[in-house]
Amino acid sequence: PLATAVCTLQQQADSGEPAQANVLRKRKFKPHEPDSVATMIKLPEQARVVICGGGTVGASLAYHLALQGWGKDTLLIEQDKVGGGNPWAASGLAGRFEPSYTELKLAEYSIDLIKSLTEQGLSTGWQPVGSLNLARTFDRMTAFHRMRSQGRAWGINCEILTPEQCQERCPLIKTSDLAGGLWIPEDGVC
């Protein structure tokens, strides 16, 4: 991967293109003409908070500011429509297991919020399907055993599975090259 990155930067340098031109760009601005003048919205002259980007993080930030009473003082701007970004940017897996306890607590809060919004009748798409992590090597299974131990200490329900148990959970997988898996039943997708 490093050699590929170096080659890419060298090719950019050879072509006269600035080396960092495409490296730091997340997405390109796509200006478009409004369908009609009626779709043009006059922006407020001032706001206490301006959030650039209405993806998962921007929309969540605006939501939480509104809960704190800053809703009328918060402006969220987006180049197209809020939540209308690339579907691959947030694939939809809502998992509890994270590398640090702080990230775990943030993930748990997010899942609880999704469940709460679903219970309020909002269309979140929440489906509590669980997650199945597969291991093909002894080292990966060792990592899963450590994750299970850490998960138990943090209150995460998870279990180690044999290849056969993995196939029971997901009949489409081939198990001949599997060492086992880690099942986290409280994960979901939305």
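This is a short chat about a predicted model of one protein chain.

User: What should I know about the model before starting?
Analyst: It is predicted, so local features need pLDDT of at least 70 and side-chain atom pairs count only at pLDDT 80 or more, while totals for chains, interfaces and linings use all residues. Residues are numbered from 1 along each chain as its sequence is written, and side-chain values use heavy atoms, with hydrogens and water left out.

User: What pLDDT does the chain average?
Analyst: The average is 79, and 72% of the residues score at least 70. pLDDT is the predictor's confidence in each residue, from 0 to 100.

User: Which element has the lowest mean pLDDT?
Analyst: Helix α1 (residues 2–15), at 37, whereas strand β5 (residues 159–161) has the highest, 97. Helices (H or I, at least four residues) and strands (E, at least two) are DSSP runs, numbered from the N terminus.

User: New topic: is Thr74 buried or exposed?
Analyst: Thr74 counts as buried because its relative accessibility is 18%. Buried means under 20% relative accessible area, exposed over 50%, partly exposed in between (1.4 Å probe, protein chains only).

User: What is Thr74 in contact with?
Analyst: Val49, Ile51 and Leu65, leaving aside neighbours within four places in sequence. Contact means heavy atoms within 4.5 Å.

User: And which residues make up the largest nonpolar core?
Analyst: There are eleven, among them Phe97, Leu104, Trp154 and Cys158. Such a core is a set of buried Ala, Val, Leu, Ile, Met, Phe, Trp, Tyr and Cys residues joined through side-chain atoms within 4.5 Å.

User: Which helix gives the largest share?
Analyst: α4, with three residues.
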